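Here is my note on this chain, point by point. Please keep the sequence and the 3D view open as you read.

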Amino acid sequence: VPVGDSLDASSGWKEKVTKVKGKTQFGFQVQFGREEIDLSFVEQLVEYCQTKSIGEAIVFMRNRYMDGKRTLAACLKQLRDDLDRNGIDMLDVGNPVGDLSRARIQEIGAAVCRYRPLRIRTN
């Protein structure tokens, strides 16, 4: 069970959701708060917009589903169901600008697993 508080997107005094470094020679990278998530071996990612939506989806999952009771798989399934129902713009809180492209839950899960400060609680 992932500990939601360990997914910290804050950078200094405010929460900075994500900064996408785009496709480098090593693949995509997402700046998530003060940590960098390396997605270079997630070969299914092809667009900058998918990478940005992954960062937004992690924050959305942390705020909505990671209650200390649900597994990562359950959180990802709930996210997928909500995305199917409400569309990708639900991730773009505040002022949607249309720069998100939907990634599969497998890529979102891969990004969560690559986040080094993530803490997991066993039942």
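1. Terms and source. Helices (H or I, at least four residues) and strands (E, at least two) are DSSP runs, numbered from the N terminus. This is a predicted model: local features need pLDDT of at least 70, side-chain atom pairs count only at pLDDT 80 or more, and totals for chains, interfaces and linings use all residues. Residues are numbered from 1 along each chain as its sequence is written, and side-chain values use heavy atoms, with hydrogens and water left out.

2. The loop residue Asp89. Asp89 sits in the loop between α2 and α3. Buried means under 20% relative accessible area, exposed over 50%, and partly exposed in between (1.4 Å probe, protein chains only). Asp89 is partly exposed, because its relative accessible area is 45%. Leu100 is eleven residues from Asp89 along the chain, and their C-alpha atoms are separated by 7.6 Å.

3. Overall layout. The chain has three helices and five strands. Along the sequence, the pattern is β-β-β-β-β-α-α-α. The chain has 123 residues, and 46% of them count as buried. Contact means heavy atoms within 4.5 Å. Take the contacts with a separation of 6 or more: 57% of them join residues 24 or more positions apart.

4. How do α1 and α2 pack? Two packed helices are described by the angle between their axes and the distance between the axes. Axes are lines fitted to C-alpha atoms, for helices over the stretch in contact, and angles run from 0 to 180 degrees between N-to-C directions. Helix α1 (residues 48-64) and helix α2 (residues 72-86) meet at about 110 degrees, with axes 10 Å apart. Therefore α1 is roughly perpendicular to α2. (Angles under 35 degrees count as roughly parallel, over 145 as roughly antiparallel, 65 to 115 as roughly perpendicular and the rest as oblique.) From α1, the contact uses Ala57, Phe60 and Met61; from α2, Leu72, Cys75, Leu76 and Leu79. By class, that is seven nonpolar, no polar and no charged residues. (Ala, Val, Leu, Ile, Met, Phe, Trp, Tyr, Cys and Pro count as nonpolar, Asp, Glu, Lys and Arg as charged, and the others, Gly among them, as polar.)

5. α1 against α3. These helices pack at about 75 degrees, with their axes 10 Å apart. So α1 is roughly perpendicular to α3. Ile54, Ala57, Ile58 and Met61 of α1 meet Glu107, Ile108, Ala111 and Val112 of α3. This contact has seven nonpolar, no polar and one charged residues. The buried residues of α3 include Glu107 and Ile108. Their cover includes β5 (35-38), α1 and α2.

6. The core. A nonpolar core is a set of buried Ala, Val, Leu, Ile, Met, Phe, Trp, Tyr and Cys residues joined through side-chain atoms within 4.5 Å. The largest one has 32 residues, and Leu39, Ile58, Met61, Leu79 and Ile108 touch the most other members. Two or more residues each come from β4 (27-32), α1, α2 and α3 (105-114). The largest share, six residues, comes from α1. Beyond four places in sequence, Ile58 is in contact with Leu7, Phe32, Ile37, Ile108, Ala111 and Val112.

7. Gln50: buried or exposed? Gln50 belongs to helix α1. Gln50 is buried, because its relative accessible area is 11%. Its side chain reaches the backbone nitrogen of Val46 at 2.8 Å. The Gln50 side chain also reaches the backbone nitrogen of Glu47, at 3.1 Å.

Definitions and conventions: Polar contact = N/O pair within 3.5 Å; in protein donor to acceptor, adjacent residues only side chain to side chain.
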